[in-house]
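Good morning, colleagues. Please turn to the structure on the screen, and I shall take you through its aromatic side chains.

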Amino acid sequence: MSSRPAESSTRERLLEAAIGLSLEKGFADTTVAEVCERAELTKGAFFHYFNDKEAMGKAVLEQWIANGNANYGSAPFWKLADPLERVYGYIDFTSELTRTGPCGCLVGIYSQELWQSQPELRADCEAAFTAWADGLAQLFDEAKARQAPKANFDPRGLAYHFIAVFEGGLILARAYRRPEIVDEQLEHFKRYVKGLFEAELTGTKRRKEARRAKV
């Protein structure tokens, strides 16, 4: 009989425990003993899967990113025909996740904690942010091409602005112990995006009206 399901379950329990503790305490203050205690497993089980804490950290980050990709990949906003509505749906979906899930992002937490001490994990965080920006920039680019091709903004720059707003909102939410700050900041960002597109749409309408008036 194959032992793979049991082994998979054991590793998943360790990762789930490590993710929870890293969100609560950060990576640096999370110990192997605490991960094993929360997962209700022995250190022997831990070292069967991970050579050390750093190897666990890499696996935790990979699992966090995979979970995020799965959540966004199955989100309902992808079914919307209008690319601009998909952009708004993306923002709203992110707000929903922050309301129902943990107040934190491991990519951001790891980046802040480990950017000097753990160069490999820092590089993993950089790659994660880059991939995130690439995907979101494509959404903005599609919306811009359809709704406001002459609008004066860079889709990739706007994608990084979203990430900065989101990650900054999480920091403020923790500092003030008020998770709803994230939702408030994302709503501000949504209004900003609407302003970018509405300015171009209004300008296009005015130009058309002016041309008609000259005829």
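Ring pairs join Tyr72, Phe77, Trp78, Tyr90, Phe93, Phe129, Trp132, Phe140, Phe162, Phe166, Phe189 and Tyr192 into a cluster. Rings of Phe, Tyr and Trp (its six-membered ring) pair if their centres lie within 6.5 Å; planes under 30 degrees apart are stacked, over 60 edge-to-face, and the rest tilted. The model is predicted: local features need pLDDT of at least 70 and side-chain atom pairs 80 or more, whereas totals for chains, interfaces and linings use all residues. Residues are numbered from 1 along each chain as its sequence is written, and side-chain values use heavy atoms, without hydrogens and water.

The count comes to 17 aromatic pairs. Phe77 and Tyr90 are edge-to-face, at 5.6 Å centre to centre and 65 degrees between the planes. Phe77 lies in the loop between helix H4 (53-73) and H5, and Tyr90 in helix H5, so this pair ties together parts 13 residues apart in sequence. Helices here are DSSP runs (H or I, at least four residues), numbered from the N terminus. Both Phe77 and Tyr90 are buried, that is, under 20% relative accessible area with a 1.4 Å probe, protein chains only; over 50% is exposed, and in between is partly exposed.

Trp132 and Phe162 also pair edge-to-face, at 6.3 Å and 80 degrees. Since Trp132 is in helix H7 (residues 119-147) and Phe162 in helix H8 (residues 155-176), the pair ties together parts 30 residues apart in sequence. Trp132 and Phe162 are both buried.

How values were computed
Helices (H or I, at least four residues) and strands (E, at least two) are DSSP runs, numbered from the N terminus.
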